[in-house]
Amino acid sequence: MAADFDYDPEELVSFEGHDISLRTAVHRYLEARVHPDPLVDLVALRDPGKEPQILEEEHFEALLKEPAFSESATSGN
């Protein structure tokens, strides 16, 4: 699925009310999956005009399979 849309690991997305890199958002998604918090909405918003504009669980799961977002690549964030 990640191949179905353009993404840049360093693009800024709005996640949990903060502007962070997509790479960091994927890392936080992974942490939230390990330690679930029902009050956290795991959705990232991208800039208007980018498709998909809203990244949800299935997008994060697909991105986790991409080399740029592997656990070793995100562990430093």
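Predicted model: local features only at pLDDT ≥ 70, side-chain atom pairs only at ≥ 80, totals over all residues.
Now look at how the helices lie. Helix α1 covers residues 22-34 and helix α2 covers residues 57-64; their axes come within 10 Å and cross at roughly 105 degrees. Angles of 65 to 115 degrees count as roughly perpendicular, and α1 and α2 are therefore roughly perpendicular to each other.

Next, turn to the strands. Four of them form an open sheet in the order β2-β1-β3-β4, paired antiparallel. At the edges are β2 (18-21) and β4 (54-55), each of which pairs on one side only. Strand β1, residues 12-15, runs antiparallel to β2 and is joined to β2 by four bridges. Here Phe-15 stands opposite His-18 of β2. Helix α1 packs on this sheet, where α1 touches β1, β2 and β4, and its direction makes about 100 degrees with that of β2.

Which residues touch the most other members of the largest nonpolar core? Among its 15 residues, they are Val-13, Phe-15, Leu-22, Val-26 and Phe-60. At least two residues of this core come from each of β1, α1 and α2, and α1 gives the most, with five.

Setting aside neighbours within four places in sequence, Phe-15 contacts Ile-20, Ala-25, Arg-28, Tyr-29, Leu-42, Val-43, Ala-44 and Phe-60.

Technical notes. Residues numbered from 1 in each chain as written. Heavy atoms only, no water. Axes fitted to C-alpha atoms, helices over the stretch in contact; angles between N-to-C directions. Parallel < 35°, antiparallel > 145°, perpendicular 65-115°, else oblique. Pairing = 2+ DSSP bridges. Contact = heavy atoms within 4.5 Å. Core = buried A, V, L, I, M, F, W, Y, C linked by side-chain atoms within 4.5 Å. Buried < 20%, exposed > 50% of the residue type's maximum accessible area, 1.4 Å probe, protein only.
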